Amino acid sequence: MRVYLLRRLLHIVPTVLMITLVVFVMMRSVPGDPVVALLGDAYTEEDAVKVREVYGLDKPVLVQYVIWLGKLVRGDWGASILSGRPVLQDVLVRLPVTLELILLSMAIALAIAIPAALIGALRQNTWADYTATSVAMIGVSIPEFFIGVLLLLVFSFGLNGFLPSSGWVYLPGTCPMMVCGVSLWGNVQHVLMPAIALGVGRAAILTRLLRSSMLEVIRSEYVTTARAKGLSERPVVLKHALKNALIPTVTVMGLQVGFLIGGAIVVETLFAMPGLGTFGIDAIIARDYQQVQGFALITAFAFVVINLLVDLTYTFLDPRIRYA
Amino acid sequence: MRLPARSSALATLLTFAWVLVAPADAQAPKRGGTLRVSYGNEIAHLDFHTAPGYEMMWVAMNIGCGLVNITPDGRFVGDAAESWQVAPDGLLYTFKLKKSVLFHDGTAVDAASVKFSIDRLMDPNTKSGMRSFYESIHSVEVLDPLTVQIRLKHPYAFMLHMLAAYRTGLVLYSPTATQKFSLEDRKQGKPGAVVGCGPFKLVEWVKGSHLVMDRFDKYFVAGQPYLDRVMIRVIKDPVAEMAAFKAGEIDFIASFSPEHVDNLKVQAPKAQIMTGKETTPMLAAMKVTVPADGKPMSKERKPHPIFGDLKVRKAVGCYGIDRKEIVKIAFKGQATPWVGMNPPGTLDTVDVNHLCPYDPAKAKAMLAEAGYGPSKPLTFDIIADNEKSVFNVIATVIKEQMARLGATANIRVVDKVSWMNTTLQDGPWDMYVEDLLSLITLDSNGYLSNSSSTWSHPRHNDKRTDELYARYARELDPAKRKAIAKEIQEFFVENMYWNNISGSPFYMVAQPWMKGYTYNAEFEVHYHTVWLDK
């Protein structure tokens, strides 16, 4: 197990580096550079040339990448070309917001998916099953921003601001700035709608997947054996069947993290949340290369680490799985 | 019960007195509270002399102070300047500063700091977008600690307009703080690095989250500002912005999307919706020249293959575009169709719409004269950047109007940075739809439309435009200046160097409890007189 873990941890390094290299090259292939936005009204071609020299943007792309990498090794994530703010500082300020959003949306997704899938699987071809699968199908089909706008219309417009439409309030003890709104209830109020908007689509996917896994598992021999031994339906379903059926679901959950990060960009923009999603999209739009690299680095790292954790979860779900 | 005559008279007097006093009391500014402001775009950075964007400017106007400000009716009022004198030949401006004006770092605002700030703006190394407006200044001299003199190379009729409201206007910098902190510190908004002499001092800027300014207790206007704090958040989505406003989460939207105004009136009927005559031109620019040697920004130019021909420019831009229809569809009628480059709300504006009546038959005939017709159909591209949805709508209507002429316009939607790169760097484009800059004077549009500026995207090389602008800016007689302004506006229409569509409406929205704000479009956004009636 230790060897496996070490090997996987070592795999993280080339994977993340490859992703950052691809992003680095791609960003510089996109038309436009940040110098235009930086100089704004004062733009002249002569000044643009000088500024590009200052930021090393006149060097070949691979040389720029090596320079960026060299600084990264020393813990320097660089600074925003536009605002001059250290990238790492901005990433760390925004990370908790997105982390909380993603965790809660995944929790909401599971809270919807598990009961819906169980009902669908255990009462296959009944109205309950049809309802669960239909709702899942609708959930898959509706994009996050549309659910978000509907929630805004109902809970912010309709119910006289019952839930705040924008902004962020931090959990007590987590404020990373000088000025923050801090309150547990305020935090719940602010994260609820974005998390639902983000979680519903994931719930739909997981419901469909878990239902089909459950259908397969409850027809397997060991479940029949458990029933034949006289076990009641509850432990048969929850302990024997569900645990095994969850393995493909957990795999997909890990992969869904990528979609959640993508969805967070949309949802954070809609709800004006100061998270990594808005940080990433603003950086891409402004061609702020250093910030884009920071965003790519943190999301790539999060993605591979979460998928490693997912793989490790298999051993808990199915003791027969061993890593060597 | 009947009151004795004396008591009755006293009661009447007291009632009368209450009637007189009570409304005055109700309008007396209340001190304290936090004004929660929403901006639709991110603040670029906090070096006010170089940062682009209105969002930065609206912060600069509150953290910084300058020499003069301008009122909505065009009067100049002193900011740090107590008084000023202009020599009869217009070559010497003498400013007397108010005593006891302090920067937030405790140092005095004196003549030396004014000289320091103007010199900094004029220094090419500063790379300020304001530099071109200071071109007329010969030197700045300190006469005594409270008197500063600006000597000009030639008369500049818009000197005070420029100092008050071109972009941020002049923002005074503390020499001490500027020398103590680096440019990077100031851009990031590091504590202590952003020092102004305005009513609010910077507390914190966290990009993507908020900017917080607190009352500067030593502000030179006694008793002001009334607010304890101004908290600015960025809400980019207009629907979310409207929801936050309706829920009372924000007090003031500094720039509200015009297409959502009607909806807001329904959602928040008590909201104060502020607007005025348009000062921003909405244009469908056409490229006039391209590099002859293929090198972007080359001085060797040749006519653009399509719009290099004046006949085509006039056929498309002048007679082929139905501006009324565009305004009806894109702005729901809430803008003014306007051919002139100087929008209806800008100083010295002239209605020149009669020069370009919508006449598709004439447009078709002109295109035929230029060689376009069924055998050689006119085809061109329109770039619309996605910063505002209205650009795309206008481009779509133009496309439809071109189809009526037998021409094909292909729309290319790009992001703002791509648009800036293409237009600023002399890239390949035929026409674009944009609103560029809010204009307080026609003079301030010079650097977007003369023959040499990088920002003059059509890249016409007609030196006559420079001569007209120079004559306009140097003319000190307002009546003569107005005549030159008319000449400029007609000249640009006749040559279609600036294909204006309409004014671009601007809206600010405030909660009913926000009091004391004076609307002055994008030019002056000050919170020091604002108070909250909660």
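Author: Helix α12 (residues 389-404) of chain B lies across β13 (280-286), β16, β17, β18 and β19 of chain B, and the helix runs at about 170° to β17(B). Such angles run from 0 to 180 degrees between N-to-C directions, with axes as lines fitted to C-alpha atoms, for helices over the stretch in contact. Helices (H or I, at least four residues) and strands (E, at least two) are DSSP runs, numbered from the N terminus. This is a predicted model, in which local features need pLDDT of at least 70, side-chain atom pairs count only at pLDDT 80 or more, and totals for chains, interfaces and linings use all residues. Residues are numbered from 1 along each chain as its sequence is written, while chains are lettered from A and ligands numbered from 1 in the order in which they are written.

The five strands make an open sheet of mixed pairing, in the order β17-β16-β18-β13-β19 (chain B); two strands pair if DSSP finds at least two bridges between them. β17 (408-414) and β19 (500-504) of chain B are at the edges with a single partner strand each, so one side of each has no neighbour in the sheet. On average, neighbouring strands of this sheet are turned by 20° against each other, direction ignored. Within the sheet, β16 (residues 379-385) and β18 (residues 431-435) of chain B run parallel and are joined by three bridges. I383(B) has Y432(B) in β18(B) as its bridge partner.

Next comes α13 (416-424) of chain B. Seven of the nine residues of α13(B) are buried, so the rest of the structure largely encloses this helix. A residue is buried if 20 or more other C-beta atoms, placed from the backbone, lie within 10 Å of its own. Among the buried residues of α13(B) are V417(B), W419(B), M420(B) and L424(B). Their cover includes β16, β17 and β18 of chain B, together with α2 (34-39) and α11 (276-286) of chain A. After α13(B) comes D426(B), with a positive phi near 60°.

The contact between the chains takes 42 residues from chain B and 43 residues from chain A; two residues are in contact if their C-beta atoms, placed from the backbone, lie within 7 Å. On the side of chain B that touches chain A, α13 (416-424) is one of the elements that each supply at least two residues, and others include α6 (183-188) and α7 (238-246).

Methods: A residue is buried if 20 or more other C-beta atoms lie within 10 Å of its own, exposed if 12 or fewer, and partly exposed in between; C-beta atoms are placed from the backbone.
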